[in-house]
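Q: Hi! I'm new to this one, could you walk me through it?
A: Happy to, here it is.
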Amino acid sequence: MKLFHYTSYKEFNTFEELYKSNAYAVCNLLKKFSVNVHTIGEYKELLEQYPKLPVIEDIDKDLFGCYVLKETNDAKDTISGIIINDELCSQLKLTTNDKLAAIAHEIGHIMFFFLKNKQTDEEFKADEFACQMGLSVELFGLLEKLQKSDIYNKHTTRLLELRLKAIKKYRHYFNA
Ligand SMILES: [Zn+2]
């Protein structure tokens, strides 16, 4: 997982420094390709240049988003990226730890893409991967903050509650 920086957002550097080896320990396929990181503006510009880049629906409404495109059976040909909604992040006053947790969750989605057994719901599995990377405390804090904000509808707020419960269980179970 080499992060390819379109954006100079420092949290991506911090994540790479502190959590890259943890991420590899959870999913060693990540070693084979790079993850582009962009702001929404950069992502939209790239979409115009590279029409085959996956389009993320409603990217403006979400804090973070990610895409994965696998063109061959070889993992090294994977095109993947994480997008940060910098405007929404500052509106919600997200801290560095919040953002690190969100990056881990998005990388969790990329890991999910490669899972053979996809029985667990993707959101919960991405959270679990973030916990396995060592960010359970940070992720709990982030989701709690989102749950208390009033930017989400009833359905999403309920899902956040369930995700918080699952993280609590994880932390209890693994003493994390
Ligand atoms: Zn997610």
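A: One term before we start: helices here are DSSP runs of H or I with at least four residues, numbered from the N terminus. Also, this is a predicted model.
Q: Thanks! Where does Ala 166 sit?
A: Ala 166 has its place in helix H7.
Q: Is Ala 166 buried, partly exposed or exposed?
A: Ala 166 has 18 other C-beta atoms within 10 Å. Being buried takes 20 or more and being exposed 12 or fewer, so Ala 166 counts as partly exposed.
Q: And what does Ala 166 touch, beyond residues up to four places away in sequence?
A: Phe 124 and Asp 127. Phe 124 is 42 residues from Ala 166 along the chain, yet their C-alpha atoms are separated by 7.6 Å.
Q: Switching topic: how do H4 and H6 pack?
A: Helix H4 (residues 96-114) and helix H6 (residues 136-148) meet at an angle of about 100 degrees, and their axes are 8 Å apart. Angles of 65 to 115 degrees count as roughly perpendicular, so that describes H4 and H6.
Q: What kinds of residues make that contact of H4 with H6?
A: Six nonpolar, three polar and three charged residues.
Q: What about the largest nonpolar core, which residues touch the most other members?
A: The core has 36 residues, and those touching the most other members are Ala 101, Ile 103, Ala 104, Ala 130, Leu 135 and Leu 139.
Q: Which element gives this core its largest share?
A: H4 does, with nine residues.
Q: Last one: what is Ala 101 in contact with, leaving aside neighbours within four places in sequence?
A: Ala 101 contacts Ala 130, Leu 135, Glu 138, Leu 139 and Leu 142.

Key. Residues are numbered from 1 along each chain as its sequence is written. This is a predicted model: local features need pLDDT of at least 70, side-chain atom pairs count only at pLDDT 80 or more; totals for chains, interfaces and linings use all residues. Axes are lines fitted to C-alpha atoms, for helices over the stretch in contact, and angles run from 0 to 180 degrees between N-to-C directions. Helices (H or I, at least four residues) and strands (E, at least two) are DSSP runs, numbered from the N terminus. Angles under 35 degrees count as roughly parallel, over 145 as roughly antiparallel, 65 to 115 as roughly perpendicular and the rest as oblique. Ala, Val, Leu, Ile, Met, Phe, Trp, Tyr, Cys and Pro count as nonpolar, Asp, Glu, Lys and Arg as charged, and the others, Gly among them, as polar. A nonpolar core is a set of buried Ala, Val, Leu, Ile, Met, Phe, Trp, Tyr and Cys residues joined through C-beta atoms within 7 Å. Two residues are in contact if their C-beta atoms, placed from the backbone, lie within 7 Å.
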